[in-house]
Amino acid sequence: MITSRRWLVRTTTALAAVSAALAPAISPASAAALTVQTQPTLRRALPEPPPAEIARTELNDLNVEAPHSMTGYSRSKFPHWAKQYGQCDTREVVLQRDGQNVVQDDKCRAVQGTWHSEYDGKALTAASQVDVDHMVPLAAGWRAGADRWDNARRKQFANDLGHSQLIAVSAASNRSKGDQTPDLWKPPLRSYWCTYSRAWIDVKYVYQLNATEAEKAALGEMLDTCTER
């Protein structure tokens, strides 16, 4: 756990430095005055999850528990696409972060750009082709313990830009995934299994969510692909 905590501190420090560097470009005043223009050339990406050896330790520490009931579940209990700055909500921030040559209008909507879907390798040329996926789906989080959280905690989970929870991917791959855990769905591109498993594990570890035995076994197999790189 000491190694994991040190990694998280280093990552948090790095993210803070990037945020500080970008602050002038994304301040509320700047966002309010924004017309159609290309965003800064500095391209942010999915926050890097811990390396495989730390992810494996985190995986071993996940509590094993049967899925909770879906009774009472609603996506509205995870207030998502919250405003991040100006008129920019979480979805638009991720579209800008994960895309290339992204142009946003005065309401912060992506009107131009290209995206590469890590799940299936598709090249996307319009924001309408892109979904912002919750790495650990909201319903999967509910079954893993988020049913016991308050709405503030669920909002944090649904809009988390600091951990590997949000990624822009093809709408087709996101809808194929649905709310399934890795024992039931894996990215079609095996080359992404290493990153996917590390990210999934770390999100569950950070939020202290449960996992099933089948889920942990599938994640362990996906982590094994990290040695193939």
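Colleague: Before we start, what counts as a polar contact?
Modeller: A polar contact is a pair of N or O atoms within 3.5 Å, and within protein one of them must be able to donate a hydrogen and the other to accept it, while residues adjacent in sequence count only if both atoms are side-chain atoms. This is a predicted model, in which local features need pLDDT of at least 70 and side-chain atom pairs count only at pLDDT 80 or more, whereas totals for chains, interfaces and linings use all residues. Residues are numbered from 1 along each chain as its sequence is written, and side-chain values use heavy atoms, with hydrogens and water left out.

Colleague: Where does E215 sit, and which side chain does the side chain of E215 make a polar contact with?
Modeller: E215 belongs to helix α9, which covers residues 213-224, and its side chain makes a polar contact of 2.8 Å with the side chain of W200. Apart from neighbours within four places in sequence, E215 is in contact (heavy atoms within 4.5 Å) with T181, P182, D183, W200, K204 and N210.

Colleague: And is E215 buried or exposed?
Modeller: E215 counts as buried because its relative accessible area is 2%.

Colleague: At what angle do α8 and α9 pack?
Modeller: The angle is about 135°, and the axes are 8 Å apart, where axes are lines fitted to C-alpha atoms, for helices over the stretch in contact, and angles run from 0 to 180 degrees between N-to-C directions. That angle makes α8 oblique to α9, since angles under 35 degrees count as roughly parallel, over 145 as roughly antiparallel, 65 to 115 as roughly perpendicular and the rest as oblique. Residues making the contact include W200 and K204 of α8 and E215 and L219 of α9.

Colleague: Switching topic, which side chain does the side chain of D133 join in a polar contact?
Modeller: The side chains of D133 and K177 are joined by a polar contact of 2.8 Å. D133 lies in strand β7, residues 130-134, and counts as buried because its relative accessibility is 3%. Its C-alpha is separated by 6.7 Å from that of V169, which is 36 residues apart along the chain.

Colleague: Last one, where is E118 found, and is E118 buried or partly exposed?
Modeller: E118 is found in the loop between β5 (110-116) and β6 (123-124), and it is partly exposed because its relative accessible area is 32%. Leaving aside neighbours within four places in sequence, E118 is in contact with I167, L189 and Y192.

Terms used. Helix = DSSP H or I, 4+ residues; strand = E, 2+ residues; numbered from the N terminus. Buried < 20%, exposed > 50% of the residue type's maximum accessible area, 1.4 Å probe, protein only.
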